[in-house]
Amino acid sequence: MSGDGGGKDPAGAAGDPVKQPEPSGVDLARVALRAAKEQARARGAAAQQKKQARRGGGLRSGARADGRDPLPLGAAINRLITERGWETPAAVGGVMGRWPQIVGDDLANHCVPLRYDEDPDERVLTVQCDSTAWATQLRLLAPQLVARLNADLGHGTVRLIKVLGPGGPARRYGPLRAPGSTGPGDTYG
């Protein structure tokens with residue numbers, strides 16, 4: 001038996017592939033037309049995308065809400081905080097604004113929160129007091145204050161409260177002064 005397909009039945013029995021007739025001129029024209037239409041469609045879509053990009057996007061105003069609709073200020077700020085990952089710093093900033101309600105008026109009159117280190121290993125709230133007596137008092141209350149802050153902000157938001165004493169007046173006079181010294185106040189706190 002030769003491999004030219006002679007003597008076989010036309011249905012191609014016994015698993016032999018059926019030989020397709022060569023496309024005629026009309027079929028070739030249809031295939032070429034279909035390919036040209038697809039290429040033109042692709043070029044048109046690319047041109048339309050460029051045109052929309054020049055005009056500021058493909059979105060148009062309509063009756064339904066889309067991403068360009070105006071938002072209330074509070075919702076816009078909340079969305080920005082969430083998108084940027086600022087939830088913890090914003091919450092701690094709120095604590096600094098509500099400091100008198102959290103710690104009480106007496107302590108708030110003498111101790112002021114300065115900064116919050118949001119590093120996941122640290123999470124330290126730094127507070128400065130106006131006298132060493134209030135700094136000592138705040139150091140004694142620090143564990144309870146950390147628990148209260150974490151109950152308000154979420155577990156593990158504040159791990160430590162760093163208490164700074166009062167800063168003494170800068171002393172810049174005298175013939176003998178150690179480099180970096182701020183005078184008698186550098187031993188406070």
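Modeller: Happy to. Let's begin with Glu122, which sits in the loop between E1 and E2. Keep in mind that this is a predicted model.

Colleague: Is Glu122 buried, exposed or partly exposed?

Modeller: Glu122 counts as partly exposed, because its relative accessibility is 38%, and buried would need under 20% while exposed would need over 50%.

Colleague: And what is Glu122 in contact with, apart from its neighbours within four places in sequence?

Modeller: Asp117 and Arg159. There is also a distance you can check on your screen: the C-alpha atoms of Glu122 and Thr157 are separated by 9.7 Å, and these two residues are 35 apart along the chain.

Colleague: Nice. Let's move on to Thr126. Where is that one found?

Modeller: Thr126 is in strand E2. With a relative accessible area of 4%, Thr126 is under the 20% cut-off and therefore counts as buried.

Colleague: Which residues does Thr126 contact, leaving out those within four places in sequence?

Modeller: Val112, Pro113, Leu114 and Arg115, and also Lys162 and Leu164.

Colleague: Let me zoom out. How many helices and strands does the chain have?

Modeller: You'll find 6 helices and 3 strands. Starting at the N terminus, the order is α-α-α-α-α-β-β-α-β.

Colleague: What share of the contacts joins residues 24 or more positions apart?

Modeller: Among contacts with a separation of 6 or more, that share is 49%.

Colleague: Now the inside. Which residues touch the most other members of the largest nonpolar core?

Modeller: That core has 22 residues, and the ones touching the most other members are Trp99, Leu138, Leu145, Leu149, Val158 and Ile161. Two or more residues each come from helices H3 (87-97), H4 (99-103), H5 (105-110) and H6 (132-153), and from strands E1 (111-117), E2 (124-129) and E3 (160-164).

Colleague: Which element gives the largest share?

Modeller: H6 does, with 7 residues.

Colleague: Last one: what does Ile161 touch, not counting residues up to four places away in sequence?

Modeller: Ile161 touches Leu125 and Val127, plus Ala142, Leu145, Val146 and Leu149. Two of those, Leu145 and Leu149, were also in the list of core residues that touch the most other members.

Notes. Residues are numbered from 1 along each chain as its sequence is written. This is a predicted model: local features need pLDDT of at least 70, side-chain atom pairs count only at pLDDT 80 or more; totals for chains, interfaces and linings use all residues. Side-chain values use heavy atoms; hydrogens and water are left out. A nonpolar core is a set of buried Ala, Val, Leu, Ile, Met, Phe, Trp, Tyr and Cys residues joined through side-chain atoms within 4.5 Å. Buried means under 20% relative accessible area, exposed over 50%, partly exposed in between (1.4 Å probe, protein chains only). Helices (H or I, at least four residues) and strands (E, at least two) are DSSP runs, numbered from the N terminus. Contact means heavy atoms within 4.5 Å.
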